[in-house]
Amino acid sequence: MAEYNKPLPRAEYSDLTAPFWEAAKRHELVIPRCRKCNAYFWYPREACPRCLQTDWEWAPASGKGRAHTYTVVYQPQNPGFNEDVPYAYTIVQLDEGVRIISNIVNCRIPDDLRVDMPLEAVFEDVSPEWTLIKFKPA
Ligand SMILES: [Zn+2]
């Protein structure tokens with residue numbers, strides 16, 4: 001197999017999302033919460049999708065949730081992830097009510113995976129600049 005030398009894709013790091021990534025580096029999960037209607041929402045955006053107000057804050061999240069659904073990846077589209085297979089591409093339903101995309105780790109894949117399994121956040125420091133938020137069985 002040919003050696004793969006391209007860098008792995010990086011998450012978007014903008015003024016809007018910087019507080020999320022900075023919190024991740026501190027091993028904290030934060031998600032947007034509207035100051036007007038108190039709704040949490042995901043993904044980060046300029047206005048609350050419920051009431052359209054632009055007054056929102058980054059609020060601490062419990063890091064707890066459930067596997068809403070997942071798929072097991074054996075052949076990643078990006079060869080940079082070849083060493084990670086099989087991995088669980090997962091939509092996590094956080095206890096705060098929003099769904100985020102992540103991976104389930106620290107378990108046997110696919111044997112231990114179940115829809116609706118309880119999960120909790122773990123923080124992977126993949127480089128000095130980047131920490132990724134993944135989930136393990138709770
Ligand atoms: Zn709102």
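Predicted model: local features only at pLDDT ≥ 70, side-chain atom pairs only at ≥ 80, totals over all residues.
Local features need pLDDT of at least 70, side-chain atom pairs count only at pLDDT 80 or more, and totals for chains, interfaces and linings use all residues. Residues are numbered from 1 along each chain as its sequence is written, and side-chain values use heavy atoms, with hydrogens and water left out.

**View 1. A cis peptide bond joins Trp42 to Tyr43.** Omega is near 20 degrees for this bond. Tyr43 sits in the loop between strand S1 (30-34) and strand S2 (56-60). Strands are DSSP runs of E with at least two residues, and helices are DSSP runs of H or I with at least four; both are numbered from the N terminus.

**View 2. A cis peptide bond leads from Val85 to Pro86.** Here omega is near -10 degrees. Pro86 belongs to the loop between strand S3 (64-73) and strand S4 (87-94).

**View 3. His27 has a positive phi without being a glycine.** The phi value is about 65 degrees. His27 is found in the loop between helix H1 (18-25) and S1. His27 counts as partly exposed because its relative accessibility is 37%. Partly exposed lies between buried (under 20% relative accessible area) and exposed (over 50%), using a 1.4 Å probe and protein chains only.

**View 4. Leu52 is not a glycine, yet its phi is positive.** The angle is about 70 degrees. The loop between S1 and S2 holds Leu52. With a relative accessibility of 64%, Leu52 therefore counts as exposed.
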